[in-house]
Amino acid sequence: MGRAAVGSHAIRTVFFLATLCISLLPQNALSFYLPGVAPEDFQKGDSLNVKANKLTSIKTQLPYSYYSLPFCRPNKIVDSRENLGEVLRGDRIENSPFVFKMREPQMCNIVCRTILDAKTAKQFKEKIEDEYRVNMILDNLPLVVPIPRQEQEGPPIYQLGFHVGLKGQYAGSKDEKYFIYNHLSFTVKFHRDELTETARIVGFEVTPFSVKHEYDGKWNDKETRLTTCDPHNKRAVSSSNSPQEVADKQEVIFTYDVAFQESDIKWASRWDTYLLMTDDQIHWFSIVNSLMIVLFLSGMVAMIMLRTLYRDISKYNELETQEEAQEETGWKLVHTDVFRPPNNSDLLCVYVGTGVQFLGMVLLNMVFAVLGFLSPSNRGGLMTAMLFLWVFMGLFAGYSASRLYKMFKGTEWKKIALQTAFLFPAIVFTLFFVLNALIWGQKSSGAVPFGTMFALVFLWFGISVPLVFVGSYIGFRKPAIENPVKTNKIPRQIPEQPWYMNPMFSVLIGGILPFGAVFIELFFILTSIWLNQFYYIFGFLFIVLVILLITCAEITIVLCYFQLCSEDYQWWWRSYLTSGSSALYLFLYATFYFFTKLEITKPVSGALYFGYMLIASYAFFVLTGTIGFYACFFFTRLIYSSVKID
């Protein structure tokens, strides 16, 4: 009764702490809302407010807020609420001076005029050199630049955001100059309801131009009549033949057009054009390739289980004398040592518990994504969901770690709970903090603010750590897992192994096939993260994830069986490392991707890339290693429980 009371008190304490933590999180760090889920109807003439998001570059990977450059500003800059995922992504959503009227086209609206000085000209040049793009949002749709396909027919390719400017040369000159896109030609696509005459926005596109605007007389703010772009004479900007150069003391006039185009696309399908996948054949090829690996491994496992093991078990069970048993060789000979606790068993328990935590997070996250809860319309939703699922899965991490720890005859469950709660998160948080300091030093909006950092620490200490302790307490109260065979006090000597059973060799070989099952899909994931593209093919990804888990389990079982047949019973750590070594290949592939696909030149940006990929590879190691360990664990228990032992 006393232990049950302690357990219920601990659970109540955790729920109290969880509620307290959520209530204490800063407003800008945790705002639960699903943007874009409910459609908004607009009457003709209704105001449409364009929001400015961050400036992004695939060359630097360092986002900056829109107003870090001297663009035109509204009278008052208002920050939009951002959820935890948006803040971690570097999104900084603010109002902009671009205001439209629904279904009322505008031509050559003057936003503002600015005179560049040496400092502002340098700022623009740096951003143009690094190929920064301006991101904007209207009715939760991101601004895109349609790029026509050169060879094949079909819909255009959409580029997220427009470039700040471009580099070029005047005719007859070899000097390279910088030009700014100061005229934006917006197109708002809408779907009209014929009954109510209301409209819903289904597309937001822009074509940027660089135009050196001219005007007669003195400058009179927005009343000035431009000669290069005049709505009265129906003279619109259609080319960048006389571009606006970025230089000291240059006068830059920012203008925009807006056109409204009726569309047959319904509101529910408006994201389809953004997420249009034209290369789905590659994904099917990836899945077929992975299935071939799975079928090959499944055949090997089936052969071992149905032929070799069945024959071996039948033979062992028919033995009548001890002398005959001693003449046998193979996996049965190590039955008195196969469940001997390994070296550093505490650390193995911690890593297995962390892997269970990861597996639960990934599976639930994938289910939510496949069901559509984490679509790109819910900006930051994927990262927010990952964080919250991670902390709440701490319950299963503590439970798994303490169950294994008790099987190894451990008695200090609080120690193992503490290590499970802190080891992996502390390593990742330290690396993340260093990377964040580098971003902060570049004055990028990607730097996580102190309030959000505090929120992350609270999620860790306030929810995850208590849940790990509760899980460990529950797991340790359960009866210890009984081994199917007894273990000798004196360990058996392991015979000399052939070269191909060398631990290093077999571990490295074991990671190739799990990596091979996912590397094609990995290319698309890296492209979406580092080349600023949408990734919304979670159906494919879910299939690949299932194939990965099966591959990790099967390759570990096969190599574990070969190891036991060689009378080497030290399988605990090797089973974890066999499938976990696929993380090494993931990091090597990420390195290859860096040098072949990315154009990152700045040391800080390179450090960010390798830092984040190191975190991803470490997480992949923990996930795949745990799958391999449990596969081998259940396999060994199965085969040794099937044999009669005297």
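Buried here means under 20% relative accessible area, exposed means over 50%, and partly exposed lies in between (1.4 Å probe, protein chains only). This is a predicted model, in which local features need pLDDT of at least 70 and side-chain atom pairs count only at pLDDT 80 or more, while totals for chains, interfaces and linings use all residues. Residues are numbered from 1 along each chain as its sequence is written, and side-chain values use heavy atoms, with hydrogens and water left out.

**Figure 1. The whole chain at a glance.** Of the 646 residues in the chain, 52% are buried. The chain holds 16 helices and 13 strands; these are DSSP runs (helices H or I, at least four residues; strands E, at least two), numbered from the N terminus.

**Figure 2. The largest nonpolar core and W571.** A nonpolar core is a set of buried Ala, Val, Leu, Ile, Met, Phe, Trp, Tyr and Cys residues joined through side-chain atoms within 4.5 Å. The largest one has 153 residues, and W571 is among those with the most contacts inside it, along with F98, F100, M136, F186 and F204. Helix α16 (residues 603-641) gives the most to this core, with 18 residues. Leaving out residues up to four places away in sequence, W571 touches V338, F339, C560, Q563, L564, F629, C632, F633 and T636 (contact means heavy atoms within 4.5 Å).

**Figure 3. The disulfide of C560 and C632.** A disulfide is counted when two cysteine sulfur atoms lie within 2.5 Å, and here C560 is joined to C632 with S to S 2.4 Å. The link is right-handed, with 55° about the S-S bond. C560 sits in helix α13 and C632 in helix α16, 72 residues apart. C560 is buried at 3% relative accessible area, and C632 is buried at 0%.

Figure 4. C72 and C112 pair with their sulfur atoms 1.9 Å apart. The torsion about their S-S bond is about -75°, so this disulfide is left-handed. C72 lies in the loop between β1 (47-56) and α2 (84-89), and C112 in strand β3 (residues 106-115). C108 and C229 also form a disulfide, again with sulfur atoms 1.9 Å apart. C108 is in strand β3 and C229 in the loop between β12 (199-209) and β13 (251-262), so the pair ties together parts 121 residues apart in sequence.

**Figure 5. Helix α11 and its cover.** In α11 (residues 503-510), S506, V507 and G510 are buried. They cover an arc of only 100° around the axis, which puts them on the same side of α11; the arc is that of the directions from the helix axis to the C-beta atoms. Their cover includes α12 (512-530), α13 (538-565) and α14 (572-580).
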